[in-house]
Amino acid sequence: MSADLVIHNASILTMDDAHPRAEAIALTGNRIMAVGGNAEILELAGPHTRVVNAGGATVLPGFNEAHMHIFGGSVALGELSLFGVKGFDALSKAVKDYAAANPDLPLLVAQTADYTILSETERVTRHHLDRIIADRPFMMVAPDRHTAWANTMALEKAGILHGRDVGVGNEIVMGEDGLANGELRESNAIRPVASMSVTGGREGLGVGTGGDPEHVTPEERAADIAVLKKGLAYCASLGITSFQNMDGNLYQLEILEEIERTDSLPVRIRMPFHMKNFMPLSDLEEKAATWRTRFDTDKLRCNFVKLFMDGVTEGETAVFVDDYAHKHGWKGEPLFSGEAFNAVAIEANRLGLSVAVHAIGDGAVRLVLDGYEASINANGRKDMRNRIEHIEVVHPDDIKRFAETGTIASMQPTHPPGSAGLPLEPYLTYIGRERWPYAFAWKTLVDAGATIVFATDWPVSPLPPLSCIGDALTRKPWADDMPDHRLGLHETLAAYTRTSAWVEYMEDRKGVLKPGYLADVVVLSGDIEATSPDNIASLSPVLTICDGRVTFEGGGSR
């Protein structure tokens, strides 16, 4: 039998320890037929086989983005990006130009606005934004998406200019005049403004409530499908063949299911059931376990539970063991009590559902580890592959507990201040120098036996995996006496391919290039091993193959 597609003259990094390198690969249907030398693989080419000459470039298993938000990211592709914008004048020009180009938008939305977009000392208020645009509702969102700033008209139309109770861990920051000062912390505070957007804020429900839109017209649903298709195509263009979403609701699942049925998804997707602190524990069995049964294919799966334990450091909503360095008496408020989270972890794991928890501060990380420990004590030691997302700071006493509890460290090389265009402040001041050595401590955790996966948290950070890999390899310590937390190239690639597949229980069919495995492959524009870390971001995918189907083809493919 002839192969459908052969890639030869390649530097193949299979991520298979038994056969780590090869020159050529043959695909048939949606499976890998053979991996080996040029001559033996080219013999599998028939008259109808497509043959691709990689020109010595690297071929890898398709990238598996282990933490992202597809709906929000897809919507953001059409919104104003303030990435790299600094200073009031530059901000003003960007917003005014966007407003002029989009005269009919009910809410102008800008993304990736640094906390220090004005300066390192001046925090944005509605008054700054009113000076830029006062006659149309406007909101800009921080890169982490946990903080937003709105002008007076947006606050007024949303009904929150005079404040509102938005629940624990959320805040509408009030000014000395008794009115909201424009800063909105966390999703409950942001949602009233976001709901005025052209999408009605539907892209944020998977994060904010875990619930579904109350009413969606056929036209709105069609628009959501169209925007998601653009986001999925963007993923494929970056060499991504799988991603693990970190917000979920039934609405997204049903839309993605429809895309798979009508057009075929170009990327494999793992979605969560999003558990919020106001949901009854019974939802885990009645909803999460039911969704797992309903959505259980190699293209679309829903087999884990996602939670938030805290917010973010810059918004002062992360939870620390000790006080914030700049704010005596404030450690942050966890979104779940220890008792409540323990119950969720125990019940989810009892049902066979893995758990992934957003935990930024070392206090939140400790609460999650406590919960996983409680689950082990209650359910016995099972292969649950529970995760902690971000782990921006870990307390030294808790480092060894990752290996002890089998907890996976899911981390983002694009997040350390100083990486991916992020400013150093106010982060470094807020955590304080004593915590610097334990911030984004990738190598310390790996050396202590933790399993690590890498991702970007898109749209919080830029999505291209090659840029993220470059960030991982070029990260600089914040001071000469700080540890170097970088991993090697092959460890970093494994964290984006093989280990990410293992985390989602699919290591028996993807994440490595070997016969019989799913045909998920990316061909790069050059040899990643021969490229300096500083230049890895200049490489690009020229061919992406998911499930044996070419989902992206760039100009460099042959």
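1. The structure, a predicted model, holds 11 aromatic pairs.

2. Phe273 and Trp291 make an edge-to-face aromatic pair, with 5.2 Å centre to centre and 70° between the planes. Phe273 belongs to strand S16 (residues 268-274) and Trp291 to helix H10 (residues 283-294), so the pair ties together parts 18 residues apart in sequence. Phe273 is buried, its relative accessible area being 2%. Trp291 is buried as well, at 10%.

3. A tilted aromatic pair is formed by Tyr427 and Phe440, at 5.7 Å centre to centre and 45° between the planes. Tyr427 sits in helix H14 (residues 427-431), whereas Phe440 is in the loop between H14 and helix H15 (442-447); the two are 13 residues apart, and the pair links distant parts of the chain. Both Tyr427 and Phe440 are buried.

4. Tyr427 and Phe440 also belong to one aromatic cluster, together with Trp436 and Trp478.

5. Helix H11 (residues 338-350) packs with helix H12 (residues 362-379) at an angle of about 50°, and their axes are 8 Å apart. H11 and H12 are therefore oblique to each other. The crossing of H11 past H12 is right-handed.

6. On the H11 side, the contact is made by Gly338, Phe341, Asn342, Ala345, Ile346, Asn349 and Arg350. H12 contributes Leu367, Val368, Asp370, Gly371, Tyr372, Ala374, Ser375, Ala378 and Asn379. By residue class, the contact of H11 with H12 comprises 8 nonpolar, 6 polar and 2 charged residues.

How values were computed. Residues numbered from 1 in each chain as written. Predicted model: local features only at pLDDT ≥ 70, side-chain atom pairs only at ≥ 80, totals over all residues. Heavy atoms only, no water. Axes fitted to C-alpha atoms, helices over the stretch in contact; angles between N-to-C directions. Helix = DSSP H or I, 4+ residues; strand = E, 2+ residues; numbered from the N terminus. Parallel < 35°, antiparallel > 145°, perpendicular 65-115°, else oblique. Left-handed = near helix turned anticlockwise from the far one by under 90°. Contact = heavy atoms within 4.5 Å. Nonpolar A, V, L, I, M, F, W, Y, C, P; charged D, E, K, R; others polar. Phe/Tyr/Trp six-rings, centres within 6.5 Å; stacked < 30°, edge-to-face > 60°. Buried < 20%, exposed > 50% of the residue type's maximum accessible area, 1.4 Å probe, protein only.
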